[in-house]
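Trainee: I am new to this structure. Please take me closely through a single part, then show me how it sits among the rest.

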Amino acid sequence: MATHAETLDHEHYHPPGLQHQFEDMKQQEESVSIGMWLFLAQEIMFFGGLFTVYLVFRSRFPMAFAAGSNHLDAFWGGLNTLVLIVSSLTMALTVYYAQKGNRNMQVILIVLTMFFGAVFLGVKAIEYTDKYNSGLVPVTGLNKRAVGGEAHASTNFVLPFETRASATAAEGGHGDAPYVNPKGDFVWTDTSLISNALKEQAADPEGSYLTTAERYGYFSNGNIDANKFRDKVRIFFWIYFVMTGLHALHMVVGLGLMAWLGWKAWLGTYGPDYYMPVEMSGLYWHFVDIVWIFLFPLLYLLGRHFIHA
Amino acid sequence: MANKQHEHAHDEEHEHIGIPGYLGVFAVLVVGTILTYWVATVDLDWIFPGANTLVALLIAFTKMTCVMLFFMHVYWSPKLIWLAALASFFWLAIMFSYTMGDYLTRSSGVFSP
Amino acid sequence: MFPDQASTFAWHVDALYFYLILVSVVFSIPIVAAIVFFGLRYREKEKYATPEEMHGSIMLETTWSIIPFIVSMTIFLGGAIVYYNQFRMPDDGMDVYVVGKQWMWKIQHATGQREINELHVPVGRRVKLTMTTEDVLHDFFVPAFRTKMDVVPGRYTYLWFEATKPGKYHLFCAEYCGLNHSGMGGYIYVMEQRDFDNWLSGNVSGQTPVEQGKDLFENKLGCASCHAGGPQQRGAKLEGIYGHEVKLVGGQTVLADDAYIRESILNPSAQIVEGFQPIMPTFKGQVTEEQLVSLVAYIKSLSGITATTTGGGTGSTAANSAASGNTIDSANTMAPRKAERGRTGQEGSNPNTPGTGTEPTNSNR
Amino acid sequence: MQNVDALDAAYNDRPTKNYLNNGYTLKSWLLTKDHKRIAIMYLVSVSVFFLMGGLYAATIRLELLTPASDLLESGTYNKVFTQHGILMIFFFLIPSIPAVLGNFLLPIMIGAKDLALPRINLLSLYLYWVGGALTLWALTQGGVDTGWTFYTPYSTSFSNTFVMAVGLGIFINGFSSILTGLNFIVTVHTMRAPGMTWFRLPLFVWAQYATSLIMVLGTPVVAITILLVAIERVARVGIFDPSIGGDPILFQHLFWFYSHPAVYIMVLPGMGVVSELISNFSRKKIFGYEFIAFSSIAIAVFGFLVWGHHMFVSGQSIYAGLVFSFLTMVVAIPSAIKMFNWSATLYKGSISFDTPMLYGLGFMGLFLIGGLTGLFLGSMGLVVHLTDTYFVVAHFHYVMVGGQVIAYLGGIHYWWPKITGKMYSEFWGKVSAMLIFVGFNLTFFPQFILGYLGMPRRYASYPAEMQVLNIFSTAGASVLGIGLLMPVIYLAHSLFYGKNAGPNPWMLPGLEWRTASPPPTENFETTPVVTWEAYEFGEESGLDLEGARRRESVTTV
């Protein structure tokens with residue numbers, strides 16, 4: 001932490017890790033934890049911007065969001081939630097043992113935490129690949145290309161694992177569903193949710209099954225416009241990717257943090273007198289967990305009841 | 001003497017809720033997750049449209065509270081930490097409510113032809 | 001020093017304005033006076049003096065919190081009332097549709113007349129504008145009417161006014177909309193009902209075809225905003241184009257004669273000059289036949305050919321070929337820039353009149 | 001008391017060991033954790049950006065001399081005003097007082113050795129540099145023409161300029177200011193010297209604290225928003241672009257949620273500086289300390305509730321407009337309170353018109369106009385006519401330049417002896433202060449009238465009948481420019497030829513005046529113990545006024 005040159009030229013006693021500008025350990029711990037909490041506060045506002053975007057579009061186009069959400073795999077999402085919760089537990093215990101000064105348990109638990117973090121990212125990778133294969137990535141050219149009919153030359157991105165050739169003249173789509181997507185566009189054809197809503201609307205004219213925005217947002221000249229609906233669904237997937245992507249980014253940072261922490265713990269840096277870094281990293285890790293606790297229902301579950309009921 | 005006082009200052013801080021406590025919180029979180037998953041598959045729109053979302057959010061908030069209070073030790077933290085935690089949510093609420101305030105009142109008769 | 005008052009609610013706004021000026025003065029005088037007076041009266045007499053200290057007084061603090069609050073509330077209420085009057089749409093308004101587009105105002109009357117960068121309205125009739133835009137945000141701003149409204153893509157916004165005084169007033173675009181923002185504007189012509197009626201029944205001015213065409217080209221139709229020279233032009237350069245081969249997208253060439261020019265005005269996307277995006281809106285229905293004639297006459301005159309001589313005059317071939325070569329250059333240099341614009345080009349190609357596609361967020365109940 | 005005696009003894013030239021001569025290597029600067037050195041580096045960088053922004057401003061005024069867009073072709077003009085805005089707002093106004101004066105003085109004023117998190121402080125400087133470098137690079141590559149507001153869909157789908165690079169620069173720079181704010185809050189909470197209670201804090205510290213709140217809670221939102229714009233440019237997925245289902249008004253909400261409070265980031269620290277100046281140069285306890293302190297906090301909080309007044313004609317709901325307008329009126333009150341308290345402080349003071357005080361009084365005058373015209377723009381009926389015109393331009397220049405920049409200069413002059421240990425030329429100081437005041441009013445007052453005439457902002461060419469006022473404005477701008485250049489010269493001159501200031505040239509009670517100037521690396525020989533109230537000029541302050549007068553007579557004779 002602070003260099004010795006700084007710590008020595010002080011008259012009063014310096015425990016390890018006390019920085020020069022502080023009088024004593026208490027003051028330092030107070031400052032560091034307030035600082036960390038303020039950092040988390042700004043993180044909340046940072047994600048808050050995205051949640052506002054989500055809120056606005058969700059409240060205006062619930063059907064499109066439900067449709068999109070039903071194409072996310074709630075099983076993987078739920079699994080990830082559990083994985084993160086476990087990692088949170090191990091993290092909390094790490095802090096506990098750090099305060100107790102139990103070096104081995106610290107290291108073990110940190111390794112466990114990292115393991116679960118890695119699992120989380122692995123699952124995310126699986127999900128993203130699935131979206132890629134079924135043309136649900138909201139960015140043109142970032143989806144699996146599959147030619148049906150005549151081949152178009154793709155003018156768009158070439159993914160790292162594709163050659164320009166494979167990008168331009170892609171082979172046929174994957175086995176089961178006829179997946180035709182020569183340019184790797186975002187493909188979405190299913191408008192069943194709206195037609196259902198229209199049926200129900202016809203059933204009871206009083207009830208409002210579509211929001212005002214939807215009544216204009218999905219239709220052109222009176223009948224369902226699949227393209228307009230697709231745009232709204234694409235916005236859902238855009239929000240999904242940005243939010244989960246940003247969250248995953250935080251996970252990666254967290255893993256780095258953990259690696260460093262594990263190393264220091266291995267060196268036996270932390271004990272009852274000095275465990276602030278562990279506690280602070282813990283706060284960060286739990287924060288990332290909390291974000292996911294909200295992302296899971298908001299992204300994965302919000303349309304379930306339409307299909308199950 | 002500086003470190004003396006912080007030594008014994010720590011003694012009461014260390015024992016937060018102990019391992020059983022942490023496991024208990026963990027159990028609550030797991031139950032919450034399963035519950036929210038199950039509840040999402042039930043159509044609650046007969047109560048009022050969007051009831052599902054409300055329930056899901058309530059569960060999420062409960063889980064968050066558990067994590068913050070016990071895993072993040074807010075429960076034992078000075079007022080200032082509580083303040084910092086609450087302030088951010090307060091500001092978030094401002095952003096949500098005022099932005100939605102615009103969208104929800106926008107399609108009012110006043111502007112319409 | 002002061003803009004004309006030409007709408008029914010202009011004086012509301014001005015009244016509010018003067019009220020606020022009054023408030024400002026009334027507040028400033030005591031403060032400034034205090035600063036000046038204290039500054040002179042209590043100038044430092046001896047160095048490092050320590051005047052006897054005084055603490056704040058709750059009495060004072062509350063008074064000078066309450067009074068400003070009350071005053072500001074009057075301002076708020078006044079503003080709210082004026083605003084409400086401006087934005088409560090009249091039921092009996094004469095409908096006019098406005099479409100903003102980089103960088104011109106396309107206006108259509110309920111009776112079918114179309115104008116560009118101009119709006120003719122009668123005195124003493126409520127005019128209700130239904131506005132949208134094809135590309136970016138614009139803002140329909142008429143200082144003389146003290147009114148203004150953003151024009152938002154993808155939805156309608158509304159604006160109404162009742163002109164009180166015949167005349168010619170500025171129309172500005174007040175929301176920054178890109179390159180030619182400051183050029184996006186024109187005039188509102190407020191006319192007596194009688195003049196307005198005979199304007200509706202197509203007026204004819206006493207200009208020569210070329211003059212009239214020039215007028216149409218530069219002002220009325222705003223062709224110049226794209227076709228005038230300069231590095232930023234978005235449309236083909238027309239100087240010297242007449243009577244020469246034009247290279248089209250897809251390789252084939254066509255002779256730029258009267259028919260071609262006429263066709264390009266009425267149905268622009270049919271034959272696109274190489275290196276340009278098909279962004280020019282069709283003018284079908286906006287230009288009458290005689291206007292077309294005069295436009296063609298003007299474009300001929302750009303190639304140094306008087307309206308009388310028809311066909312490719314061989315007199316000034318050298319100059320023309322030089323000019324047309326110049327056209328091709330600018331075309332090539334333009335090409336990559338335009339390519340970047342991505343969706344923009346395609347959007348421009350199908351100008352949507354109000355009613356199709358866009359999403360009226362407000363107009364439902 | 002002991003530090004006071006020590007101080008009187010130490011009344012010689014510059015102290016032998018101070019933060020400046022503690023290491024001369026480049027490394028000792030670039031890797032320093034000393035808040036004072038970081039502040040100096042901020043000072044230099046901020047000045048560079050201010051200079052560039054100023055050049056852009058000059059170009060704008062020259063272009064507007066004539067109605068036609070003849071000097072600059074309109075595309076260039078758009079880039080010029082955009083870059084003027086971006087450089088001035090994100091890279092000068094927002095960091096100016098907090099990162100320079102705040103960084104240097106906040107720890108000293110509360111009697112701390114350093115900021116609570118020195119490494120974070122250095123990190124924020126580096127982020128500022130990276131963000132700035134990225135932006136400057138983008139400018140050299142061809143710049144950006146979206147206006148500093150980045151309104152969509154123009155910025156996302158239509159502009160062909162370097163929106164992404166600049167956006168990224170602002171994004172990074174945003175985190176610099178977040179970290180600074182975070183650091184200040186922590187410092188004020190945990191690093192106060194013994195006896196330095198909350199209500200003994202100088203009002204500058206209170207203002208910094210309020211500012212930091214906004215920085216921490218507001219900046220992340222604009223960061224993510226700009227990031228979304230950048231992503232949207234690559235991905236072509238339009239949450240802000242209606243043509244593919246998005247909503248441009250949403251961008252405006254997110255953007256103004258930060259960018260209105262940002263206005264208070266820019267003016268609150270200025271108010272803090274002026275509170276210092278007014279109180280100290282009338283040698284009198286400030287009138288209504290608590291009210292000024294809490295009004296800062298009130299402004300910081302209410303500032304978050306009024307962003308909608310930028311959107312009255314943007315198509316937002318009329319009811320939302322009503323609420324926002326109402327709150328705008330409310331947020332005007334705290335500023336009024338400050339104004340009244342400052343004037344009341346002068347009453348029965350012993351006012352000396354040194355250069356900093358001139359700036360302080362100038363601030364009061366200009367901010368008075370700026371604040372009152374703010375009411376014009378908060379009142380819905382009027383704003384319909386005024387918004388997006390030069391009235392708005394004039395208004396926020398009165399607040400930003402007349403407020404923040406004037407206060408910043410005042411602060412620089414006020415603490416220059418402390419920062420450098422040297423005294424600048426009073427005469428030239430006064431002259432430039434007056435030039436700036438006059439030039440500023442000449443420049444921007446005509447723009448109010450222009451605005452009411454209906455001249456829209458961001459116009460490269462304008463109707464001919466508006467030329468006269470524009471000429472006035474440009475003429476004033478040249479005076480202002482000269483006024484702003486003078487300090488650069490005489491302050492630089494003072495570095496080499498100025499006479500030593502001594503620890504406390506004006507015999508003021510603030511903690512920063514109770515240590516040597518320039519201060520030693522850890523600010524104080526021994527941690528000070530505060531036994532006096534804020535702005536205590538009497539006996540309790542323990543200032544040796546007699547000694548000071550003695551020294552005065554010696555030096556003057």
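Mentor: Start with the buried residues of α5(A): A:Gln106, A:Val107, A:Leu109, A:Ile110, A:Thr113, A:Met114, A:Phe116, A:Gly117, A:Phe120 and A:Lys131. Buried means that 20 or more other C-beta atoms lie within 10 Å of the residue's own, while 12 or fewer makes it exposed and anything in between partly exposed; C-beta atoms are placed from the backbone. This is a predicted model, where local features need pLDDT of at least 70 and side-chain atom pairs count only at pLDDT 80 or more, but totals for chains, interfaces and linings use all residues. Residues are numbered from 1 along each chain as its sequence is written, and chains are lettered from A and ligands numbered from 1 in the order in which they are written.

Helix α5 of chain A covers residues 103-133. Helices are DSSP runs of H or I with at least four residues, strands are E runs of at least two, and both are numbered from the N terminus. α5(A) has 31 residues and reaches 45 Å from its first C-alpha to its last. That is close to the 45 Å expected at 1.5 Å a residue, a span taken as 1.5 Å times one less than the number of residues. Just after α5(A), A:Gly135 takes a positive phi of about 65°.

What covers those buried residues? The cover includes α4 (74-100), α9 (226-266) and α10 of chain A. Contact means C-beta atoms, placed from the backbone, within 7 Å.

Now follow α10(A), residues 276-301. It packs with α2(A), residues 25-60, at an angle of about 15°, with their axes 10 Å apart. Axes are lines fitted to C-alpha atoms, for helices over the stretch in contact, and angles run from 0 to 180 degrees between N-to-C directions. The two helices are therefore roughly parallel, the word for angles under 35 degrees. From α2(A), A:Glu29, A:Val32, A:Met36, A:Leu40, A:Glu43, A:Phe47 and A:Tyr54 take part. They meet A:Met276, A:Met280, A:Leu283, A:Phe287, A:Val291 and A:Leu298 in α10(A). The residues of this contact divide into 11 nonpolar, no polar and two charged. Ala, Val, Leu, Ile, Met, Phe, Trp, Tyr, Cys and Pro count as nonpolar, Asp, Glu, Lys and Arg as charged, and the others, Gly among them, as polar.

Last, a look at chain B. Its secondary structure comes to four helices and zero strands. Along the sequence, chain B reads α-α-α-α. Of the 113 residues in chain B, 30% are buried.

Terms used. Angles under 35 degrees count as roughly parallel, over 145 as roughly antiparallel, 65 to 115 as roughly perpendicular and the rest as oblique. Two residues are in contact if their C-beta atoms, placed from the backbone, lie within 7 Å.
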